[in-house]
Amino acid sequence: MSLARKSTASVEQYKSNEISTVSQGRLIVMLYEGAIRFLNVAIENNTPRKYDVVNNHILKAQEIVTELMLALNMENGGEVANNLLGIYVYIKKRLLEANMKKDSEILSEIIKYLEDLKLAWEEIEKKEKTSSVVPMPTAGSQRPGLSLQG
């Protein structure tokens with residue numbers, strides 16, 4: 001095995017370990033960060049009219065929003081889960097529209113929503129870390145309201 005293949009395999013293993021050892025809240029923040037990053041790449045490539053790149057990155061952001069939708073625990077999440085579902089449906093609709101029109105303004109609007117949601121989850125994560133009343137979830141445990149298990 002070449003050094004390059006070993007290095008790539010090591011990076012993939014590191015990423016896999018990192019994802020499997022973080023809290024659900026942190027995973028959700030990471031998903032938001034990924035979607036924001038993809039949409040920024042789409043905006044950057046919209047001006048030089050690299051529509052294949054724009055399309056691919058919008059599709060990646062749509063996949064992330066789908067994962068966020070699947071992570072919702074609609075049975076136990078109550079009003080919060082329903083509200084998030086409504087936001088995600090709206091975002092997916094706008095992403096589809098932005099992709100069809102190649103509209104950077106719509107993408108910027110979506111980024112703003114995702115940044116606001118990311119900030120809210122970062123606050124939740126901070127409170128969980130500092131609170132002795134709310135324990136961090138253990139591997140395989142379910143948290144009320146959300147589940148990253150599809």
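Visitor: Is K112 buried, exposed or something in between, and what about D116?
Guide: In this predicted model, K112 is partly exposed, with a relative accessible area of 45%, and D116 is likewise partly exposed, with a value of 36%.

Visitor: Where do those two sit, and how many residues lie between them along the helix, so to speak?
Guide: Both D116 and K112 belong to helix α5, where they are 4 residues apart, or about one turn of the helix. Their side chains meet in a salt bridge, with 2.9 Å from N to O.

Visitor: How many salt bridges does the structure hold?
Guide: The structure holds 7 salt bridges. One of them pairs the side chains of E109 and R94, at 2.6 Å from N to O. Because E109 lies in helix α5 and R94 in helix α4, that pair ties together parts that are 15 residues apart in sequence.

Visitor: Is R94 buried or exposed?
Guide: R94 has a relative accessibility of 14%, which is under the 20% cut-off, so R94 counts as buried.

Visitor: And which residue does K101 pair with?
Guide: K101 meets E97 in a salt bridge between their side chains, at 3.2 Å from N to O. These two residues are 4 apart in helix α4, and so they are separated by about one helical turn. K101 counts as exposed, with a relative accessibility of 54%.

Visitor: Let's step back. What is the overall secondary structure of the chain?
Guide: The protein chain has 5 helices and 0 strands, and the pattern read along the sequence is α-α-α-α-α. Buried residues account for 32% of the 150 residues in the chain. If you take the contacts between residues at least 6 apart in sequence, 64% of them join residues at least 24 apart.

Visitor: What about the surface?
Guide: The accessible surface of the protein chain comes to about 9,400 Å², and 56% of that belongs to carbon and sulfur atoms.

Visitor: I keep looking at α3. How many residues does it have?
Guide: Helix α3 covers residues 51–71, which makes 21 residues, and from its first C-alpha to its last it reaches 30 Å, close to the 30 Å expected at 1.5 Å a residue.

Visitor: What do its buried residues pack against?
Guide: The buried residues of α3, including V54, H57, I58, A61 and L68, pack against α2 (24–46), α4 (78–101) and α5 (104–130).

Visitor: Can we zoom in on I58, and what is it in contact with?
Guide: I58, in helix α3, is buried, with a relative accessible area of 0%. Leaving aside neighbours within four places in sequence, I58 is in contact with L39, A42, L95, A98, N99 and L107. The C-alpha atoms of I58 and N99 are separated by 6.7 Å, although the two residues are 41 apart along the chain.

Visitor: L39 came up there. What does that one touch?
Guide: Not counting residues up to four places away in sequence, L39 touches I58, A61, L95, L107, I110, I111 and L114. L39 is also one of the residues that touch the most other members in the largest nonpolar core, along with Y32, Y88, L95 and L114, and that core has 26 residues. The elements giving two or more residues to this core are α2, α3, α4 and α5. As a general point, nonpolar side chains tend to be buried together in soluble globular proteins.

Conventions. Residues numbered from 1 in each chain as written. Predicted model: local features only at pLDDT ≥ 70, side-chain atom pairs only at ≥ 80, totals over all residues. Heavy atoms only, no water. Expected span 1.5 Å × (residues − 1). Buried < 20%, exposed > 50% of the residue type's maximum accessible area, 1.4 Å probe, protein only. Contact = heavy atoms within 4.5 Å. Salt bridge = Lys/Arg side-chain N within 4 Å of Asp/Glu carboxyl O. Areas by Shrake-Rupley, 256 points an atom, 1.4 Å probe, with all protein chains shown as cover. Core = buried A, V, L, I, M, F, W, Y, C linked by side-chain atoms within 4.5 Å.
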